Amino acid sequence: MTRSETLIAQTEKYGAHNYKPLPVVIAEAEGCWVTDVDGKRYMDMLSAYSALNQGHRHPRIIAAMQQQLERVTLTSRAFYNDQLGNLCEDLVQLTGLDRVLPMNSGAEGVETALKAARKWGYEVKGVAPNQAEIIVFSGNFHGRTISIVSFSTEEQNRAGFGPLTPGFHVVPFGDAAAFEAAITPNTVGVLFEPIQGEGGVIMPPKGFLRDLREICTKHRVLMIADEIQVGLGRTGKMFCYQHEDVKPDMLILGKALGGGLYPVSAVVGIEEVMAVFRPGDHGSTFGGNPLACAVACESLRVLEDEKLAERAAEMGAYFCERLVAMNSPHVQEVRGMGLLIGVQIKKSAGLAKPYCYAMMGEGVLAKDTHEQVIRFAPPLVITKEELDWALERIERVLCGEALVKQAA
Ligand SMILES: *Cc1c(COP(=O)(O)O)cnc(C)c1O
């Protein structure tokens with residue numbers, strides 16, 4: 001057995017089987033590149049689902065983390081620390097919202113926003129106890145807790161995990177009229193992804209976010225943007241909602257907020273909502289710890305200093321243009337925004353998975369989502385030369401029949 005095979009066998013023997021990874025065992029990484037235990041190099045075109053927007057092991061973020069490691073790493077929120085204030089101030093300045101509540105994983109950020117919306121509903125909007133409703137969209141992905149999977153429209157996400165949490169109402173993604181029609185006096189919020197990443201890089205119709213904003217204001221419903229995947233530069237703006245010049249009432253961030261080094265998430269919201277949290281209402285032992293905050297502050301600074309949103313816009317447009325120009329007989333559609341790109345494989349050309357296996361063979365790591373879609377989301381630090389290197393290999397797979405057949 002190769003070293004890779006041995007390690008895969010070990011992981012499969014002792015680990016729970018809740019993932020089915022591509023058979024590559026990564027041992028080292030830098031920028032857009034990873035190296036497996038057998039010394040083979042690959043370009044990372046997944047970026048840990050956009051948690052690596054700044055690239056693997058960004059030297060500035062590593063330095064910030066190392067500096068903080070030498071000082072203090074964990075205090076709990078029983079005490080103040082000298083880093084949390086900086087992160088809160090940075091996020092408030094960046095978003096124009098009022099207050100920040102730090103957590104660790106994305107799902108915890110989503111849970112925090114849901115709790116805030118319900119409590120705001122009871123205390124501010126005047127909804128009767130336990131009657132709050134939150135509207136969500138079909139095809140959503142917001143994480144894996146029991147409450148969050150309760151409103152997933154993917155059967156597999158819910159199956160076997162009941163009893164599920166009530167209080168959620170699903171309407172078709174991109175359908176603002178259906179959203180407005182679903183609002184009742186008990187509706188406290190709408191939770192949405194500006195682009196559905198896990199759902200298969202699904203873009204709503206133009207004007208959807210503006211419509212949501214208008215309807216939310218009209219009916220006094222909180223607009224809650226989950227930008228855990230599409231935020232922080234990925235789509236060509238710091239936040240995806242900026243493409244339509246709107247501002248949500250609550251914004252959930254995660255993934256790239258931790259710069260690929262450390263799990264950090266946060267809810268940023270307007271005063272009226274964030275004020276519902278009083279001491280003891282909600283919390284997290286690790287949320288807002290000084291190591292997380294130092295890493296997150298530097299991760300944000302890197303995005304700004306290296307103008308990574310602008311780079312995503314520029315490189316993404318080039319990437320899309322080249323993918324379309326390949327004119328692959330297997331591709332139905334290329335869609336996306338910035339460096340979040342979905343390549344929809346024709347039903348007649350099989351599933352997306354064998355294409356991902358074939359690309360892995362060529363040295364490009366990407367993952368299929370929703371059977372027919374290959375998602376390309378490289379680190380935003382990618383250069384044109386690196387993109388050209390990958391495109392040459394992607395073209396071999398998308399346009400070369402033999403390779404695909406062999407991999408399938
Ligand atoms: C990844 C993701 C989450 C969940 O984040 P975790 O850190 O895995 O809990 C929530 N929402 C969206 C849109 C995501 O992409």
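Biologist: Before we start, what should I know about the numbering, the pLDDT limits and the atoms used?
Modeller: Residues are numbered from 1 along each chain as its sequence is written, and side-chain values use heavy atoms, with hydrogens and water left out. Because this is a predicted model, local features need pLDDT of at least 70 and side-chain atom pairs count only at pLDDT 80 or more, whereas totals for chains, interfaces and linings use all residues.

Biologist: Which residues surround the ligand?
Modeller: The shell consists of Ser105, Gly106, Ala107, Phe141, His142, Gly143, Glu193, Asp226, Ile228, Gln229 and Lys255, where a residue belongs if one of its heavy atoms lies within 4 Å of the ligand.

Biologist: And how many of those are nonpolar, polar and charged?
Modeller: Three are nonpolar, five polar and three charged; in this scheme Ala, Val, Leu, Ile, Met, Phe, Trp, Tyr, Cys and Pro count as nonpolar, Asp, Glu, Lys and Arg as charged, and the others, Gly among them, as polar.

Biologist: What lies 2.7 Å from a nitrogen atom of the ligand?
Modeller: That is an N or O atom in the side chain of Asp226. An oxygen atom of the ligand is 2.8 Å from an N or O atom in the side chain of Gln229, and the protein buries 80% of the 380 Å² that the ligand exposes when taken alone, with areas from the Shrake-Rupley method and a 1.4 Å probe.

Biologist: Changing topic, where is Glu227, and is the residue buried or exposed?
Modeller: Glu227 is found in the loop between β8 (222–226) and β9 (250–253), the strands being DSSP runs of E with at least two residues and helices runs of H or I with at least four, numbered from the N terminus. Glu227 is buried, with a relative accessible area of 1%, where buried means under 20%, exposed over 50% and partly exposed in between, using a 1.4 Å probe and protein chains only.

Biologist: What does Glu227 touch?
Modeller: Leaving out residues up to four places away in sequence, Glu227 touches Pro194, Phe239, Cys240, Tyr241, Leu251, Ile252 and Leu253, contact meaning heavy atoms within 4.5 Å. A polar atom of the Glu227 side chain also lies 2.9 Å from the backbone nitrogen of Tyr241.

Biologist: What about Asn53, where does that one sit?
Modeller: Asn53 is in the loop between α2 (47–50) and α3 (59–69), and is buried with a relative accessible area of 0%. The side chains of Asn53 and Arg234 are joined by a polar contact of 2.8 Å, that is, a pair of N or O atoms within 3.5 Å in which, within protein, one must be able to donate a hydrogen and the other to accept it, while residues adjacent in sequence count only if both atoms are side-chain atoms. A polar atom of the Asn53 side chain lies 2.9 Å from the backbone oxygen of Leu232.

Biologist: In what order do the strands of the four-strand open sheet come?
Modeller: The order is β1-β2-β3-β13, with mixed pairing. β1 (26–30) and β13 (364–365) stand at the edges with a single partner strand each, so one side of each is left without a neighbour in the sheet.

Conventions
Two strands pair if DSSP finds at least two bridges between them.
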